[in-house]
Amino acid sequence: MRRVERISVSAPDVLVGPKSKGGKEYEKAKIFFKAQADAKAAMDEQLAAGAAAGLPAAAPASKKKGKKDGFEFSAYSDEAVKYALDKLFFGKCAYCETRYANQAPVDVEHYRPKGRIAGDEKHPGYWWLAMSWENLLPSCIDCNRRRWQDLPKVPASLEQLLKAPIMEGSKGFLGKQDLFPIAGPARATAEEPSIDESPDLLNPCVDDPDEHLTFYIDRLNPLGLVLPKFVDGAPSRRGLQSIHVYGLNRLGLVQERTRVLRTLEFLSRLIDEIDEISETLLASTSSRDKTMGTRLNLLSAQILAEIRTMAEPDQPYSSLVKVWSNTLKS
């Protein structure tokens, strides 16, 4: 995950038109969720009255299978929104930096879930942000959809840290979907949208992931694990939560990052070998050797330029490459 400045791409017109906040879709959603809240309040009042009268609680009405229970938003799934998010994140998942086009179409992800919150039945979801540009991120299906994922074997020294049981996701049931844990005492609502929730999950357009996440770098035995940074002697809570909820250490993702690390190590060793040979040739009195040494220096520079390219924002796993590069300087 890397920091992205959302201001670099303007909100698509579809999000500021009739389907946006204040538009027709917003007003329809407002009516729908108001009716839901009123119905729930009436049911709670009825149950409370029944309990006061000593009557047994009524069984909840069963829902018909296959029937959608929610409001169908449409503005956020417009092609213009997908194009803008693709441009903003260079076609990469906002959370894991995988090029999502390599495996499936992009999921337009709501950082704050629009329809419901897992584990909080009283909250209707952040429906008023469903059409908000600031709440939308591009995601691969594995970061966004909650399902069982294989986990890699990790070094014993990291096992306890990576399996910290702060969330269900630590056991392999990974993906964000409608999860949105907060550290604050209360959640924002449509009536009180400015409540300070203190979200536990990192948002790359708001937070600096480098303050909470780093990578496991072992140059002899590369393994592409993402780790929480230690803050004041303890692992970052937001880093841990984000790793577990987004599934940033699922097996397939770790394998891809490990492949990148191995490529970097190979290129690094290649540069060292080329430089050593070049140094010997340049020290020769032979003009041919000197010419060959100069050419090898140019080749070494080209390989180094390729490594720097891999750290550019438009490249997959660029934050990993940046951390690996910093270890060479230290």
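Author: Two strands pair if DSSP finds at least two bridges between them. Keep that in mind for β1 and β2. This is a predicted model. In it, four bridges join β1 to β2. The two strands run antiparallel. His-110 of the pairing stands opposite Leu-136 in β2.

Now look at the two sides of β1. Both faces are covered. Asp-107 and Glu-109 are buried on one side. Val-108 and His-110 are buried on the other.

Next come the rings. A pair of aromatic rings is described by the distance of the centres and the angle of the planes. The whole structure holds 11 aromatic pairs. Take Tyr-26 and Trp-127. Their centres are 5.6 Å apart, with 35 degrees between the planes. That makes the pair tilted. Where do Tyr-26 and Trp-127 sit in the chain? Tyr-26 belongs to helix α1, residues 24-52. Trp-127 is in the loop between β1 (107-110) and β2 (136-139). The pair links distant parts of the chain, 101 residues apart. Tyr-26 and Trp-127 are both buried.

A second pair is Tyr-111 with Phe-180. This one is edge-to-face. The centres of Tyr-111 and Phe-180 lie 5.1 Å apart, and the planes make an angle of 90 degrees. Tyr-111 lies in the loop between β1 and β2, and Phe-180 in the loop between β4 (173-174) and β5, so the pair ties together parts that are 69 residues apart in sequence. Both Tyr-111 and Phe-180 are buried.

Now step back to the group. Tyr-26, Trp-127, Tyr-111 and Phe-180 are among the members of one aromatic cluster. Others in that cluster include Phe-32, Phe-33, Phe-71 and Phe-73.

The charged end of Arg-112 is placed over the ring of Tyr-126, 5.9 Å from its centre. Elsewhere, Arg-6 lies over the face of Trp-133, 5.0 Å from the ring centre.

Trp-133 leads on to another residue. Leaving aside neighbours within four places in sequence, Ala-84 is in contact with Val-9, Pro-12 and Trp-133. Ala-84 lies in helix α2, residues 79-88. Its relative accessible area is 6%, so Ala-84 counts as buried. Ala-84 and Val-9 are 75 residues apart along the chain. Yet their C-alpha atoms are separated by 6.8 Å.

Last, the cysteines. Is Cys-96 buried or exposed? Cys-96 counts as buried, at 4% relative accessibility. Cys-143 is buried too, at 0%.

Terms used: Residues are numbered from 1 along each chain as its sequence is written. This is a predicted model: local features need pLDDT of at least 70, side-chain atom pairs count only at pLDDT 80 or more; totals for chains, interfaces and linings use all residues. Side-chain values use heavy atoms; hydrogens and water are left out. Rings of Phe, Tyr and Trp (its six-membered ring) pair if their centres lie within 6.5 Å; planes under 30 degrees apart count as stacked, over 60 as edge-to-face and the rest as tilted. Buried means under 20% relative accessible area, exposed over 50%, partly exposed in between (1.4 Å probe, protein chains only). A charge sits over a ring if NZ of Lys or CZ of Arg is within 6 Å of the ring centre and within 35 degrees of the ring normal. Contact means heavy atoms within 4.5 Å.
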